[in-house]
Amino acid sequence: MKLVCSQSELNSALQLVSRAVASRPTHPVLANILLTADAGTGRLSLTGFDLNLGIQTSLTASVEVSGATTLPAKLFGEIVSKLSSDSPINLVSDELGEKVNLTSKSGTYQMRGLNADDFPELPLVQTGASLQINPLIFANALKSTLFASSSDESKQILTGVHLIFDGNILQAAATDGHRLAVLNLEDAINLNSSTNLNTNDKIEVTLPAKSLREIERFIGNYKNEEKISLFYDSGQVVFTALNQVVTTRILEGDYPNYNQLIPESFSNILEFDRKPFISALERIAVLADQHNNVIKISKEPSSDLVKITADAQDVGSGVESIPVKFNGDNFQIAFNVRYLLEGLRVFEEDKICLRCNLPTTPAILSSIDDQNTFIYLVMPIQIRS
């Protein structure tokens with residue numbers, strides 16, 4: 001392999017694919033990045049793959065000799081990042097790809113690689129179901145649900161986001177058992193000639209939150225008109241756009257039937273301005289953080305204020321009051337203040353409603369004007385008298 005490429009482009013590509021390199025590799029080659037140079041296309045391809053998440057990208061290069069090798073991701077990335085951006089980089093490897101010379105205007109570095117044949121093949125699914133996704137809408141779906149997924153690896157299916165592609169509608173849902181975020185979006189899927197789904201077809205997959213966070217970064221800079229292709233088959237989902245590919249495994253198991261958790265009617269409905277409510281919660285959270293993050297929300301029909309209280313036992317206590325529109329009975333309900341804040345920050349609307357029944361049954365946060373697009377369910381905390 002022999003080539004010349006831009007330092008800045010190589011550095012950007014390395015930062016991207018390094019996100020898919022295993023932090024604790026089960027095999028030495030998984031700590032490396034695969035480099036493949038093609039003289040025919042004039043491109044250098046870089047791949048990181050930890051057997052669950054794979055990221056591949058390519059950049060323009062002047063390739064004199066085609067070839068492939070793998071280099072340690074951390075060492076290679078640190079060297080390239082510190083080289084001068086105003087000088088091209090020369091990469092030359094031996095026939096086996098086990099010795100690589102990297103030359104810039106400031107100096108020459110030698111690295112030992114591992115044979116490219118030992119690097120696992122990236123599962124580039126190009127068969128099965130395929131569709132095109134609107135990147136901005138899909139990014140919104142991830143932002144609105146990823147935060148509610150579980151970090152408990154013993155609940156593996158809950159560490160992902162459940163995605164349903166149905167016609168041109170996308171539903172995304174995530175839950176950790178204490179809260180649930182569900183987003184329904186229309187016009188998320190482009191039903192055209194490059195999509196092999198019929199309007200009656202439906203795809204349901206649960207993808208790991210870790211992989212989806214990388215996909216969220218992957219699509220963050222794309223414009224609305226730049227569609228992303230999705231391929232789905234054999235336990236894998238592959239996202240492709242321009243010169244980048246992200247592949248992820250599908251989590252095995254049946255995702256919970258979350259729709260049955262959402263109550264059909266409510267005895268108490270509070271309507272309030274989102275930003276003042278968030279500000280009040282942030283202030284009261286200073287005390288709540290001292291004792292299990294628990295806050296209480298109470299309302300009396302005779303008042304147009306809702307009270308938010310925190311009692312941190314020996315540390316202190318606090319009360320916040322904000323104006324609300326209220327329909328219901330006297331009630332008091334307790335929540336984890338962090339769960340409330342994380343959900344409220346996702347909303348873009350200013351007018352929010354909180355709907356609940358008993359202090360032991362799920363409460364729902366939604367927009368006043370649109371109660372079906374985004375639903376955030378929070379389980380209350382039971383307070384002993």
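Me: How far is the sulfur of Cys353 from the closest cysteine sulfur, and in which residue does that sulfur lie?

Reply: A disulfide is a pair of cysteine sulfur atoms within 2.5 Å. Here the closest cysteine sulfur to that of Cys353 belongs to Cys356 and is 11 Å away, which is too far for a bond. Searching the whole structure gives 0 disulfides. As to the basis of such values, this is a predicted model, in which local features need pLDDT of at least 70 and side-chain atom pairs count only at pLDDT 80 or more, while totals for chains, interfaces and linings use all residues. Residues are numbered from 1 along each chain as its sequence is written, and side-chain values use heavy atoms, with hydrogens and water left out.

Me: In what order do the strands of the open sheet follow one another?

Reply: Strands of a sheet pair through backbone hydrogen bonds, either parallel or antiparallel. Helices (H or I, at least four residues) and strands (E, at least two) are DSSP runs, numbered from the N terminus; two strands pair if DSSP finds at least two bridges between them. In this model 9 strands form an open sheet with antiparallel pairing, in the order β14-β10-β11-β12-β26-β25-β24-β18-β22. The edges are β14 and β22 (325–327); each has a single partner strand, so one side of each lacks a neighbour in the sheet. From one strand to the next, the twist averages 15 degrees.

Me: How many bridges join β10 to β14?

Reply: Strand β10 (residues 160–166) and β14 run antiparallel and are joined by 7 bridges. Among the pairs, His162 stands opposite Thr206, and Val161 has Leu207 as its bridge partner. On β11, 5 bridges connect to β10, again antiparallel, with Ile164 opposite Gln171. The hairpin of β10 and β11 has 2 residues between the strands, and Gly167 there takes a positive phi near 65 degrees.

Me: How many residues of β14 are buried?

Reply: In strand β14 (residues 202–208), 5 of the 7 residues are buried, so the strand is largely enclosed by the rest of the structure. Strand β10 is mostly covered, with 6 of its 7 residues buried.

Me: Which residues touch the most other members of the largest nonpolar core?

Reply: In soluble globular proteins, nonpolar side chains tend to be buried together. A nonpolar core is a set of buried Ala, Val, Leu, Ile, Met, Phe, Trp, Tyr and Cys residues joined through side-chain atoms within 4.5 Å. The largest one here has 117 residues, of which Leu10, Leu46, Phe76, Phe138, Phe165, Phe239 and Ile295 touch the most other members. Helix α5 (residues 274–288) gives the most to this core, namely 8 residues. Another core, of 8 residues, lies apart from the largest one and includes Ala22, Phe49, Phe119 and Leu122.

Key. Buried means under 20% relative accessible area, exposed over 50%, partly exposed in between (1.4 Å probe, protein chains only). Axes are lines fitted to C-alpha atoms, for helices over the stretch in contact, and angles run from 0 to 180 degrees between N-to-C directions.
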